[in-house]
Amino acid sequence: MAGHFVHARNPVGRYQRDNGEQHVEIRSVGEWFDIDGDDPATVRDAFVLLWQALRRHCSDAVLMGSPSQTGRELWTRTIPTHGQHSDGFPVLSEELRGLLHATAGQGHNELMTPPRVPEQLPQLVECDRTFAYAKHTWKSPVGTPRRITDHTFAAWSEKEQMRALCGCRHWQVRVTVSDTWNHIGLLPATAPGTTWPHPAPPSPPGPAVPKSTPP
């Protein structure tokens, strides 16, 4: 076996007999559920319902050790066995992969303090988009991307522009924070030696600062 996996929240213990014929893997149910709020009976029922839901789509589907392993196993079932991509999906060049990696920021936490917000908040909301990534990639294109300039975009019809804006794209845009803006930063910007900041204060007079945003 690969040995134990030491993790602060979800450690994995792997054991096997000396002859290597039998092994067991012990994982934390916290990889699937909130262990502080769920009792064992609820967790078991949830596993059964999930397994039954998967079996309606795949008669031989099984639950793996973690949600990510289960998702990868299910994803492999969607790889075409015939047709255009039966031999595999095209892979982007190293240059393009590096470009996308360097210009695609991750989520951010932004603390808003008075006077931008009242002393006492009416409520606090956290949006967890963990599963949104799978939805974003569900209809993502494959192959070499097409480069679109601002002149090309301006020449398109409104319908073509809306299709491009609502589809899977990677944009490089130039924006300026409005003088009346009083909310969180929406678009990430690169900054030398730091992570991706999300400028929120109104921009000073002068030329707009180029900023890149992921799809």
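Helices and strands here are DSSP runs, numbered from the N terminus. Every close-up below comes from a predicted model.

View 1. Welcome to the first stop, where Asp34, Asp36, Asp38 and Asp39 form a negative surface patch. Asp34 can be found in the loop that runs between strand S2 (23-27) and helix H1 (40-55). Because its relative accessibility is 48%, Asp34 counts as partly exposed.

**View 2. A patch of positive charge.** Here Arg146, Lys159, Arg163 and Arg169 gather on the surface. Look for Arg146 in the loop between helix H4 (132-138) and helix H5 (150-155). Arg146 has 64% relative accessibility, so this residue counts as exposed.

**View 3. A network of salt bridges.** Side chains of opposite charge can pair when their charged atoms come close. In this view, salt bridges link Arg14, Glu25, Arg27 and Glu31 in a network. Glu25 forms a salt bridge with Arg27, and their closest N and O atoms are 2.8 Å apart. Glu25 is partly exposed, with a relative accessible area of 33%, and Arg27 is partly exposed too, at 24%.

**View 4. Two more pairs to visit.** The structure holds six salt bridges, and one of them joins Arg44 to Asp45, with the closest N and O atoms 3.9 Å apart. Arg44 is exposed, with a relative accessible area of 56%, whereas Asp45, at 42%, is partly exposed. Arg77 forms a salt bridge with Glu73, where the closest N and O atoms are 2.9 Å apart. With 32% relative accessibility, Arg77 counts as partly exposed.

Notes:
Residues are numbered from 1 along each chain as its sequence is written. This is a predicted model: local features need pLDDT of at least 70, side-chain atom pairs count only at pLDDT 80 or more; totals for chains, interfaces and linings use all residues. Side-chain values use heavy atoms; hydrogens and water are left out. Patches are made of residues with over 30% relative accessible area and no salt bridge: like charges are joined within 9 Å, nonpolar side chains (Val, Leu, Ile, Met, Phe, Trp, Tyr) within 5 Å. Accessible areas come from the Shrake-Rupley method with a 1.4 Å probe; for residues, only the protein chains shown count as cover. A salt bridge is a side-chain nitrogen of Lys or Arg within 4 Å of a carboxyl oxygen of Asp or Glu. Lys and Arg count as positive and Asp and Glu as negative; His and the chain ends are not counted. The place of a charge is taken as NZ of Lys, CZ of Arg, CG of Asp or CD of Glu. Helices (H or I, at least four residues) and strands (E, at least two) are DSSP runs, numbered from the N terminus. Buried means under 20% relative accessible area, exposed over 50%, partly exposed in between (1.4 Å probe, protein chains only).
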